[in-house]
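My entries follow the display.

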Amino acid sequence: MKLVLNLLVTAVLLIGCQPKEVSIQEITSLRDGNQDNLVSFSNLVLPKILGKEFKRFESGVDADKKNEVHITYGSNSALTFNDASDYRKTNTEYHSLVLLRVGYALALHQFHRLSLSFSKPFFIQGENNPDTEIQEAEIFRTTISKHELDVFWETHPNFDPFKAPKLGDKEWESVTGEIQKLWKVELDEFSRVKVE
C-alpha cells in the first residue's frame, strides 16, 4: 500500500506539477530560429518551459575559464505535498525532467557546462521573527557538460522530454537513470529538509 501511495505522489508531482504545457515542436521551432544570443534565447524559452518556477538565468566563466550556464528554478511556496520518505526521490526525478527539457532547448547553443539549481522557500525551524521565518534556500544543484548533453541527445534522437512521463514508463525510468549518471551533484541538502 505504501508503495502505491509513493508512486501516486510521484505521479502527481511529475504530471500535476509539471512546469508548463509546452510541446517539443514549439520548443524546437523557437530553438532552431534563435541560435545567436544565448542570454536572450534563454530568457525567452525558460519561462515557457518552467512557467512560474523559473527564477534566474546566469551565464559566466567557470573555474576552467569556460562558459557556464546556471539556471535556478523551483517552487515559490514553502508548502510541500510530498511524503517525507519520498521527498528526495520525487524531487530528483523532477530535477531530471527539468534538466532534460532545458538541455534540449539549449542544445544548439555553445557553452561548456550547464548548472541547474533547485531552490525554494522553507520554514526555518525555531525562528520567531515573521520576516525571517520563511527563507529561500538552494537545496539541490547539478552540473553536466555540454558535450555529455550532446552525446545524450545523439543517442536518444527520438526521446520527447516534453511528453509527461507516465507511471511505470520503462523508457522514462531508463532515460532518468542515464541522465543522473551523467550529472555531477554539486549540492545536496535534501537531508536537512524536514517534511511534516
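In what order do the elements of the protein run from the N terminus on? I read α-α-α-β-β-α-β-β-α-α-β. That comes to 6 helices and 5 strands; helices (H or I, at least four residues) and strands (E, at least two) are DSSP runs, numbered from the N terminus.

Ground rules. This is a predicted model, in which local features need pLDDT of at least 70 and side-chain atom pairs count only at pLDDT 80 or more, while totals for chains, interfaces and linings use all residues. Residues are numbered from 1 along each chain as its sequence is written, and side-chain values use heavy atoms, with hydrogens and water left out.

Whole chain. I looked up burial and found that 45% of the 196 residues count as buried. Buried means under 20% relative accessible area, exposed over 50%, partly exposed in between (1.4 Å probe, protein chains only). Among contacts (heavy atoms within 4.5 Å) between residues at least 6 apart in sequence, 72% join residues at least 24 apart.

Helix H4. I checked residues 87-105: at 1.5 Å a residue, the 19 residues should span 27 Å, and the end C-alpha atoms are 27 Å apart, which agrees. The expected span is 1.5 Å times one less than the number of residues. I also noted that 17 of the 19 residues of H4 are buried, so H4 is largely enclosed by the rest of the structure.

H3 with H4. Helix H3 (residues 38-50) packs on H4 at about 145 degrees, with the axes 11 Å apart. Axes are lines fitted to C-alpha atoms, for helices over the stretch in contact, and angles run from 0 to 180 degrees between N-to-C directions. Phe41, Val45, Leu46, Ile49 and Leu50 of H3 meet Val98, Arg101, Val102 and Ala105 of H4.

H5 with H6. I found H5 (residues 146-155) and H6 (residues 170-182) packed at about 160 degrees, their axes 11 Å apart. H5 and H6 are therefore roughly antiparallel (over 145 degrees; under 35 is roughly parallel, 65 to 115 roughly perpendicular, the rest oblique). Glu148, Leu149 and Phe152 of H5 make the contact with Val175, Glu178, Ile179 and Leu182 of H6.

Leu187. Is this residue buried or exposed? Leu187 is buried, at a relative accessible area of 18%, and I placed Leu187 in strand E5 (residues 184-188). Leaving aside neighbours within four places in sequence, Leu187 contacts Glu138, Ile139, Phe140 and Arg141. Leu187 and Arg141 lie 46 residues apart in sequence but 4.9 Å apart in space, C-alpha to C-alpha.
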